[in-house]
Amino acid sequence: MYRHSFLLALALLAASTSHAQSTAPGNTEQIQSYTASSLEKEPRLLSLPAAINLAFDQNKGLAAARKEIEAVEATIIQAGARPNPEFSALMEDTRKSTRTTTYLINQPIELGGKRSARIEAAQRARDMALLGYSAKRTEIRAGVVAAYYDVMVATERQRLAKELLGLAKTAADMAGRRVTAGKISPVEQTKAKVAEASAQLELNQADSELILAQKKLAMFWGSVGNEFQLTDGGVETLPELPAIAQLTEKVAIGPAVKLAQLEVERRRALAKIESSKRIPDVNLTFGNKRDESAARNMWVVGISMPIPVFDSNKGNELEALKRVDKARDELSIVEVQMQSEAAQSFERLRNAREEAAALRGEIVPGAQSAYQAARTGFELGKFGYLDVLDAQRTFFQAKAQYWKALSTAFQAAADLDRLAGTETPSAE
């Protein structure tokens with residue numbers, strides 16, 4: 001009996017082992033295929049409008065600004081609250097036969113418009129929070145535009161650096177074959193090797209700059225990775241140059257100026273609060289008094305008011321009025337500063353448009369033709385590697401200057417939108 005049980009146990013153990021061996025490779029293949037699919041996941045394409053919208057949806061600064069609006073709205077509720085009544089009880093004498101018990105309710109009555117002044121100050125703070133949120137959106141948009149074009153420039157530099165490294169390797173191989181054939185000096189081969197090493201360093205630096213530029217862009221939507229690839233569709237369409245008269249009018253009522261104006265109004269409301277405190281509040285008292293010795297109840301009615309002899313709140317009122325004057329002066333400074341920044345951004349946009357148009361129309365195509373001709377001639381053995389290198393660097397500088405001009409143009413346009421308080425519609 002024990003022998004049959006032992007054989008049965010061995011059979012079951014062998015079956016379970018063979019089953020595990022047969023299923024293990026399948027699980028391994030599934031894991032490997034899942035890992036491969038996750039690694040082969042291509043980065044998503046990201047256009048400039050999509051990057052702006054992504055920053056609007058996920059930027060933590062905007063989320064904090066929205067929370068600030070909600071918090072300030074709560075202050076309006078609290079500003080409209082009236083003083084709570086007070087209940088008090090007073091007992092005279094502890095003997096029951098002669099004891100007198102008084103129950104009182106005290107209700108403070110605010111005078112001088114204190115409640116309305118508080119509500120007005122809270123409303124001005126809410127208006128400032130709403131305007132600050134709008135200004136934050138335009139600021140983020142300007143930052144995304146600048147970072148987006150920085151990535152474009154870094155991508156172009158990386159592409160050209162890869163081409164340069166390929167040419168350097170080809171030149172080094174050709175130099176090695178010529179040295180072996182005895183047609184050139186070994187010194188030429190050494191120069192080619194040095195050029196190849198320099199091209200590799202150039203590519204490494206371009207890779208590093210691209211990663212940094214991508215991370216800077218991704219920070220606007222709270223990411224630290226670079227799981228995206230930019231598309232250049234529509235980004236070479238230069239922004240329009242606004243009319244200077246209309247721009248001046250818009251900047252005069254832009255977010256920064258409106259914020260300064262609201263600050264003046266808020267300071268005035270705060271000054272009203274301090275002025276209203278010079279008028280003392282009234283306390284109304286109503287209650288009932290029980291006299292046990294006389295066995296009767298008596299109503300108690302009273303009124304109290306502080307006498308502003310020693311403290312008339314004059315110092316706080318004067319401070320509030322001076323801060324109103326300070327806010328007016330800051331408003332004048334902001335108005336001049338915004339008009340100056342608008343004029344500078346307008347000139348930057350105008351110059352960048354002219355520079356980008358010239359580079360796109362003549363300089364970049366000419367440099368590209370020279371680079372292609374030098375590269376073709378090098379492959380045919382008619383030009384040296386240094387000729388190709390010079391042509392490649394000239395083309396890269398022209399292309400980088402073109403992308404820089406585009407970036408400056410869009411950055412200046414975004415700054416003008418920020419100063420004027422308008423957002424350029426971004427459609428996919």
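Author: Let us begin with strands. Two strands are said to pair if DSSP finds at least two bridges between them. The model before us is a predicted one. In it, strand β2 (residues 86–92) and strand β3 (residues 100–109) are joined by 7 bridges and run in the antiparallel sense.

Reader: Which residue of β3 is the bridge partner of methionine 91?

Author: The partner is threonine 101. Threonine 101 also has a bridge partner in β5, namely arginine 290.

Reader: How many bridges join β3 to strand β5, and in which sense do these strands run?

Author: There are 10 bridges between β3 and β5 (residues 282–291), and the two strands run antiparallel. Strand β3 therefore pairs with β5 under the criterion of at least two bridges, as β3 also does with β2.

Reader: Let us turn to accessibility. Is serine 276 buried or exposed?

Author: The term buried applies under 20% relative accessible area, and exposed applies over 50%. Serine 276 has a relative accessibility of 2%, so this residue counts as buried. Serine 276 belongs to helix α7, which covers residues 255–276.

Reader: Leaving aside neighbours within four places in sequence, which residues are in contact with serine 276?

Author: With those neighbours set aside, the contacts of serine 276 are Leu111, Gly112, Gly113 and Lys114.

Reader: How should I read a salt bridge?

Author: The general idea is that side chains of opposite charge can pair when their charged atoms come close. The structure contains 21 salt bridges. One of them is formed by the side chains of aspartate 150 and lysine 216, at 4.0 Å from N to O. This pair links distant parts of the chain, as aspartate 150 lies in helix α4 (residues 114–181) and lysine 216 in helix α5 (residues 186–218), 66 residues apart. Aspartate 150 is partly exposed at 28% relative accessible area, and lysine 216 is likewise partly exposed at 46%.

Reader: What separates glutamate 163 and arginine 159 in helix α4?

Author: About one helical turn separates them, because they are 4 residues apart in that helix. Glutamate 163 and arginine 159 form a salt bridge whose closest N and O atoms are 2.8 Å apart. With a relative accessibility of 22%, glutamate 163 counts as partly exposed; arginine 159, at 36%, also counts as partly exposed.

Reader: Which residue forms a salt bridge with arginine 328?

Author: The partner is aspartate 325, and the closest N and O atoms of the pair are 2.8 Å apart. Both residues lie in helix α8 (residues 314–379), 3 residues apart, so about one helical turn separates them. Arginine 328 is partly exposed at 36% relative accessible area, and aspartate 325 is partly exposed at 35%. Elsewhere, salt bridges with shared partners join Arg124, Arg126, Asp127 and Glu265 into one network.

Reader: Finally, how should I read a nonpolar core?

Author: In soluble globular proteins, nonpolar side chains tend to be buried together. Here the largest nonpolar core has 72 residues, and those with the most contacts inside it include Val144, Tyr148, Trp221 and Leu406.

Reader: Which helix gives the most to this core?

Author: Helix α9 (residues 385–420) does, with 16 residues. Another core lies apart from the largest one and has 8 residues, among them Leu164, Leu165, Ala199 and Leu389.

Notes:
Residues are numbered from 1 along each chain as its sequence is written. This is a predicted model: local features need pLDDT of at least 70, side-chain atom pairs count only at pLDDT 80 or more; totals for chains, interfaces and linings use all residues. Side-chain values use heavy atoms; hydrogens and water are left out. Buried means under 20% relative accessible area, exposed over 50%, partly exposed in between (1.4 Å probe, protein chains only). Contact means heavy atoms within 4.5 Å. A nonpolar core is a set of buried Ala, Val, Leu, Ile, Met, Phe, Trp, Tyr and Cys residues joined through side-chain atoms within 4.5 Å.
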